[in-house]
Amino acid sequence: KDGLNTTLIGNNIFYFAELESTNSFAKEMAKEAEEGTVVIAESQKKGRGRLGRNWQSPKGGVNLSVILKPNIPLDHAARLTLMTGLAAANTIRSLGLDARIKWPNDVLIKDKKVCGILTEVDAEMEQVDYIIIGIGINANVNVDDFPPGIRENATSLQKELGTEVNRVEFVQKLLYEIEQQYIKFKTQEFSAILSEWINLSDTIGKNVTIMTPSKMVEGKAIGITDTGAISVRTKDGKRVNLIAGRCVYTRT
Ligand code: BT5
């Protein structure tokens, strides 16, 4: 906590050498927990991505979750994913690296994934009573040890910098950045965050295929809507907005 420059985020920090998943742990206590509670694990045994995918979380990485209690309708939850991606990208950029954001939840350096975001809400509720924002960052990890299929598309801060990062300082910056964005989220129009996000976007203007459990849409990414959905212009000229899904860049 020494050196942590926040007032809301990180007043309570749960630290573990190893945990199944910081998001799972945070979810268990979210109802009772104070807003801004942080869960950090040095490594995770069952780090989770979206839709049952996994997140490689060996020692040396940054795996953390923050419990937020914004008073927003459920269909605004995707905004927090974008907000968190922006905070992570800004923190990584402060190290001098050219981090860009791939919709909806990846931070890339030179086309390789260095960070993933997993936001989870209690979908039973129409109003969000708590939301868990999970952030995984390959800090000082060796991505060559990841399984094939993952390692080709992954990178780490250490690899890009050529030297280890100080993870304590990094996490302090990250939590500070999240708090600043969250204050903006609560006090300003979402367009304030969105325009910053779009400046760092790797996705707008690219040809993409968006896959959701129910459909697949191919076209050009032309923008992000006020709720955080991606707008895709399809070949037949239609504009389709998708609030969630997997985004793959289409080769042309
Ligand atoms: C994500 O999912 O990118 C969200 C990852 C969130 C991890 C954090 S760590 C703290 C918190 N606690 C948790 O249990 N989770 C959160 P998704 O967009 O579904 O991407 C998952 C895919 O990324 C996998 O299927 C792999 O292809 C790839 N991948 C897995 N581990 C990776 C890593 N360490 N670096 C880069 N790519 C990885």
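Trainee: What does T22 reach on the ligand, and at what distance?
Mentor: A nitrogen atom of the ligand, with a polar side-chain atom of T22 lying 3.0 Å away. That's a polar contact, meaning N or O atoms within 3.5 Å of each other. Keep in mind that this is a predicted model, where local features need pLDDT of at least 70, side-chain atom pairs need 80 or more, and totals for chains, interfaces and linings use all residues. Side-chain values use heavy atoms, without hydrogens or water, and residues are numbered from 1 along each chain as its sequence is written.

Trainee: OK, and what about S21 and N23?
Mentor: S21 puts a polar side-chain atom 2.6 Å from an oxygen atom of the ligand. With N23, a polar backbone atom is 3.3 Å from a ligand nitrogen.

Trainee: How much of the ligand gets buried?
Mentor: The protein buries 92% of the 790 Å² that the ligand exposes when taken alone. Those areas are Shrake-Rupley values with a 1.4 Å probe.

Trainee: Where does the ligand sit?
Mentor: In the largest pocket. A pocket here is an open set of points on a 1 Å grid where a 1.4 Å probe fits, with protein on both sides within 12 Å along at least five of seven lines.

Trainee: Which elements give two or more residues to the shell around the ligand?
Mentor: Helix 1 (22-29), strand 3 (62-68), strand 6 (112-121) and strand 7 (131-137). Strand 6 has the largest share, with 4 residues. Helices and strands are DSSP runs numbered from the N terminus, with at least four residues (H or I) for a helix and at least two (E) for a strand.

Trainee: How many residues surround the ligand?
Mentor: 27 residues surround the ligand, and S21, R48, R50, R53 and K113 are the closest. The cut-off is a heavy atom within 4 Å.

Trainee: How do strand 6 and strand 7 run?
Mentor: Antiparallel, joined by 7 bridges. T119 stands opposite I133 of strand 7.

Trainee: And what links strand 4 to strand 5?
Mentor: A hairpin, through 3 residues. These antiparallel strands, 99-102 and 106-109, share 4 bridges, and A99 has I109 as its bridge partner.

Trainee: What's the order in the sheet of 5 strands?
Mentor: 11-10-9-8-12, an open sheet with antiparallel pairing. Strand 11 (239-242) and strand 12 (246-249) are its edges, each pairing on one side only. Neighbouring strands in this sheet are turned by 45° on average, direction ignored.

Trainee: Where does K220 point up next, in strand 10?
Mentor: K220 stands opposite R233 there. Strand 9 and strand 10 (residues 230-233) pair antiparallel over 4 bridges.

Key. Pairing = 2+ DSSP bridges. Axes fitted to C-alpha atoms, helices over the stretch in contact; angles between N-to-C directions. Polar contact = N/O pair within 3.5 Å; in protein donor to acceptor, adjacent residues only side chain to side chain. 1 Å grid on protein atoms, 1.4 Å probe; cavity = no way out; pocket = protein on both sides within 12 Å on 5 of 7 lines; lining within 4 Å. Sits in = over half its atoms within 2 Å of the grid points.
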